[in-house]
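Have the model open beside you as you read.

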Amino acid sequence: MKPETAFTGPELCRLSAADAVALLKKGDVKPSELLEASLTRIEQVEAGINAVVTVCAERARESLADLDARARRNGGKPGWLGGLPIAIKDLNDVAGVRTTYGTKGFADHVPETSDPLVERLEDNGGIIVGKTNTPEFGAGGNTFNDVFGMTRNPWDTRKNAGGSSGGAAVSLAAGEVWLSHGSDLAGSLRTPAAYCGIVGLRTSPGRAGGGSVKAAFQNAGVQGPMARDILDTALFLDAMAGYDPRQPLTIDAPAEPFQKAVREADARVRIAWAPTLGGFAPVEAEIEQVMRAALEKAERNGARVEEACPDLPELEPTYVTLRALTWEAGPGRQPPHIQRHFKATLAENIEVGRNLTVDQVVDAERNRTALYHNCRRFLESHDVLATAVVGLEPQAVEKEYPTEVAGEKMRTYVDWLKFSFLATATTLPALSMPCGFTESGMPVGIQLIGPPRGEARLLAVARAIEDATGLAAITPIDPR
């Protein structure tokens, strides 16, 4: 049961993104009204949560004047977002806005050009109101850094918000924005979504922008939408989707919008349920109970739920190798005067990448191929694979990572994020969505992993579960 909450922000901030955009397109609400509501809410709550760490109010107001010109470039269409204020994670460049990547070496960095995905979102009518907090270069399941400090969970500000898209998740849960951009390597969209009671979608590579500028063919880290419910997530994904020759992994937007799949969702879905991924990772009993209760509601509403899991040989070493390559190719290639600021866990990640052998890399590529085909075949008879996002509820914000889950010791700081490995290694789309609460009143998320390039089906199943649980609108809330 949802704990008692309050929301004392501007009434416009209560709206779903889809409802806000509909009002914008009818002319019943002006983009400037939504922007000022967003800025008001940021001012109200930021001191207690530290989510939107760089606000670009004047740039946002200036962007309002460009909306008509952008619409003309789109054939007279206002774009999917139509003037809706959004936030961008502080790992992606926004022209003229301080962008730190969460590290002291870039504390005063102001890029001259925007990331291609940022340009696409602005061309689709998004108004960027600010940058959200992230751990250093996105390394970590708890959002803090030496530039801006710690981001706090609005459901209990003594606890962490997850990471690395922690600021994005909190900005949504607290009602600062209607949509917030995130990215994901080891659950960086999914963990914060689970911990903050919102939705985070890890997309197929190329579905929502591309990889890093200087390692554009890497596909372990992806970008994606974060929102308060499934329809809003689909709306944001529609605004992100499309081919861009500057990003070689990007793919064309689908013929039909993702929102259509959500609006036409059928309750009769086929869900494979593997709470521990066949014993791959531990889950606290309470977390498993909350997830199971949500799936039982979906069953009563017409879903078919079957306990089943594909074979996952060599998943852990495969993922760990791919992850290490990502760190070495990105922050590991920064100059020494930048790297000297890196926290210990980031430096350790990079060192693992530097010490990889050719055999490890080749084995990882071959093993991920086998894992992909195991999952592909498995998902021919199931719409999604449902499992945990993380195995425990949020810990104290001062604690970098948990050292034990369900009585099992964590050997490294990434061990507690093992539920994120499968989707990343196999390039399958996956999302975290709210499914209930712990006795202490903290949100619990459930992870759904979909078929290859199957975001539309994944979102439709998520909508069926959302309808069954009645958890479509558990935020925004006042920080507690």
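A residue is called buried when its relative accessible area is under 20%, exposed when that area is over 50%, and partly exposed in between, using a 1.4 Å probe and protein chains only. Please keep in mind that this is a predicted model, in which local features need pLDDT of at least 70, side-chain atom pairs count only at pLDDT 80 or more, and totals for chains, interfaces and linings use all residues. Residues are numbered from 1 along each chain as its sequence is written, and side-chain values use heavy atoms, with hydrogens and water left out.

Asn153 sits in the loop between β5 (149–150) and α6 (166–173); helices (H or I, at least four residues) and strands (E, at least two) are DSSP runs numbered from the N terminus. With a relative accessible area of 0%, Asn153 is buried. Which residues does Asn153 touch, not counting those up to four places away in sequence? They are Lys159, Asn160, Ala161, Tyr195, Cys196, Pro394 and Met442, where contact means heavy atoms within 4.5 Å.

Now turn to Ser180 in strand β6 (residues 179–184). Ser180 also has a relative accessible area of 0%, so it is buried. The side chains of Ser180 and Ser171 make a polar contact at 3.1 Å. (A polar contact is a pair of N or O atoms within 3.5 Å; within protein, one must be able to donate a hydrogen and the other to accept it, and residues adjacent in sequence count only if both atoms are side-chain atoms.) Leaving out residues up to four places away in sequence, Ser180 touches Ser171 and others, including Ala87, Thr132, Ala168, Met226 and Phe236.

Next come the strands, which pair if DSSP finds at least two bridges between them. Strand β11 (residues 384–388) is mostly covered, with 5 of its 5 residues buried. β11 pairs with β9 in the parallel sense over 3 bridges, and Ile271 stands opposite Val384 in β11. β11 also pairs with strand β15 (residues 443–449), in the antiparallel sense over 4 bridges; there Leu385 stands opposite Ile449.

This leads to the nonpolar cores, each a set of buried Ala, Val, Leu, Ile, Met, Phe, Trp, Tyr and Cys residues joined through side-chain atoms within 4.5 Å. The largest holds 111 residues, of which Leu84, Ile271 and Leu448 touch the most other members. Helix α8 (residues 230–240) gives the most to this core, with 8 residues. A second, separate core of 26 residues includes Ile42, Val129, Ala168 and Met226. Leaving aside neighbours within four places in sequence, Leu448 is in contact with residues including Val384, Leu385, Pro429, Met433 and Ile465.

Finally, look at the rings. Rings of Phe, Tyr and Trp (its six-membered ring) pair if their centres lie within 6.5 Å; planes under 30 degrees apart count as stacked, over 60 as edge-to-face and the rest as tilted. By this rule there are 9 aromatic pairs. One of them, Phe280 with Phe421, is edge-to-face, at 6.0 Å centre to centre and 70° between the planes. Phe280 lies in the loop between β9 (270–273) and α10 (285–300) and Phe421 in helix α15 (residues 421–426), so the pair ties together parts that are 141 residues apart in sequence. Phe280 counts as buried at 16% relative accessibility, and Phe421 counts as buried at 0%. Elsewhere, ring pairs link Tyr101, Phe106, Phe137 and Phe342 into a cluster.
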